[in-house]
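Please look first at the sequence and the 3D structure shown here, and then read the report that follows, which takes up the meeting of the chains before turning to features within them.

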Protein chains: 2
Amino acid sequence: MTVPRGTVILGVDPGLAGTGWGVITVGERGILRLERYGCIETKAATPLVDRLKQIFVALSAVIDEFSPSVMAVEELFFMKRATAVAAVGQARGAILLAAALKNISVSEYNPRTVKIALTGFGSADKQQIQHMVKAVLKLSVIPCPDHAADALAMAICHLHTAKY
Amino acid sequence: MTVPRGTVILGVDPGLAGTGWGVITVGERGILRLERYGCIETKAATPLVDRLKQIFVALSAVIDEFSPSVMAVEELFFMKRATAVAAVGQARGAILLAAALKNISVSEYNPRTVKIALTGFGSADKQQIQHMVKAVLKLSVIPCPDHAADALAMAICHLHTAKY
């Protein structure tokens, strides 16, 4: 079964310095509506604890505003470098917790699944993904910054991949 | 300056499967009092999001009960394996957030600092650390499980290391 009409999907691209987010709604005849997108940025000079709090508070506000039924988020485990995993992992803990405390279900996708869902092939590059996000959502420009475009790609991936 | 009398320190040993915690209070003439310790365990079969929520909720309850002024927690970055960092990192995100949302300051220590603070030398083994936790807190047995003993070691390390 396809995603029901009226479903609100929150896509998130987790990062400690920048967490992208994007909200889409499945409208009449399956037409997608972009609600809004953005990027939660935190400064490297800010203590880690405060950065995590900023991400959590900002994302919780997005959830309160749009009441998504699901959060689609990139898997962590494909990453190789331990230092990158440490930074993203802790941010991801705060992000998943924001969903959990609002009782929103979470779906995780790896980058290859996202590429296939958007372009049909698993080795698509960043530009091809961004172009498809622009096309699918009928935007006049590619969402900026990249984190926001990646978050929208995640939401679209959920729409194409999830079983309802 | 030494840690002021009445200071309540929450030590935490972060882990996704088991997060140890221990609360100590600095009493009269610097005598330490063990308030309580425990371990928040989550099952591997439980979805990640729910495990993070369990850790956050349980640790928030500990904070509400004992009102610590500081959380002492092990550093993440010394870890080498990306998969271990991923699991601990996400748990750590939930743990730090629990402190941040209650406005508790966080101090981070690496394992070597903890070993030196408790035993005087940086290559001490687990048993020596646990023995010192038992001795310093005048306990009749070593706290169990290991995560709880490690959390208490973290709290004692803060007491010996922090500048006030």
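Predicted model: local features only at pLDDT ≥ 70, side-chain atom pairs only at ≥ 80, totals over all residues.

## Where the chains meet

Between chain A and chain B the count of salt bridges is 0.

On the side of chain A that touches chain B, α1 (48-66), α2 (82-101) and β5 (105-109) each supply at least two residues. Of these elements, α2(A) gives the most, with 12 residues. Sorted by type, the residues on this side of chain A divide into 16 nonpolar, 4 polar and 4 charged.

The contact as a whole takes 24 residues from chain A and 24 residues from chain B. The size of an interface is often given as the accessible area lost when the parts come together. For chain A and chain B the buried area is about 2100 Å², and carbon and sulfur atoms give 79% of it. Val49(A), Gln90(A) and Leu97(A) supply 25% of the area that chain A buries against chain B, which is more than any other three residues supply.

## Two helices that pack within chain A

Two packed helices are described by the angle between their axes and the distance between the axes. In chain A, helix α3 (residues 111-119) and helix α5 (residues 146-161) pack at an angle of about 75°, and their axes are 9 Å apart. Because angles of 65 to 115 degrees count as roughly perpendicular, α3(A) is described as roughly perpendicular to α5(A).

From α3(A), the contact is made by Thr113(A), Val114(A), Ala117(A) and Leu118(A), while α5(A) brings Ala153(A), Met154(A), Ile156(A), Cys157(A), His160(A) and Thr161(A). The residues of this contact between α3(A) and α5(A) divide into 7 nonpolar, 3 polar and no charged.

Over all chains, the structure holds 12 salt bridges. In one salt bridge, the side chains of Arg36(A) and Glu65(A) meet at 2.5 Å, N to O. Arg36(A) lies in strand β3 (residues 32-41) of chain A and Glu65(A) in helix α1 of chain A, so this pair ties together parts that are 29 residues apart in sequence.

## Backbone details in the loops

| Peptide bond | Form | Omega |
|---|---|---|
| Cys144(A) to Pro145(A) | cis | near 0° |
| Cys144(B) to Pro145(B) | cis | near 0° |

In chain A, Pro145(A) lies in the loop between α4 (126-136) and α5, and in chain B, Pro145(B) is found in the loop between α4 (126-136) and α5 (146-161).

Another backbone detail concerns Asn103(A), whose phi is near 55°, a positive value in a residue other than glycine. Asn103(A) has its place in the loop between α2 and β5 of chain A.

Definitions and conventions. Residues numbered from 1 in each chain as written. Chains lettered and ligands numbered in written order. Heavy atoms only, no water. Contact = heavy atoms within 4.5 Å. Buried area = accessible area lost by both parts, 1.4 Å probe. Salt bridge = Lys/Arg side-chain N within 4 Å of Asp/Glu carboxyl O. Helix = DSSP H or I, 4+ residues; strand = E, 2+ residues; numbered from the N terminus. Nonpolar A, V, L, I, M, F, W, Y, C, P; charged D, E, K, R; others polar. Axes fitted to C-alpha atoms, helices over the stretch in contact; angles between N-to-C directions. Parallel < 35°, antiparallel > 145°, perpendicular 65-115°, else oblique.
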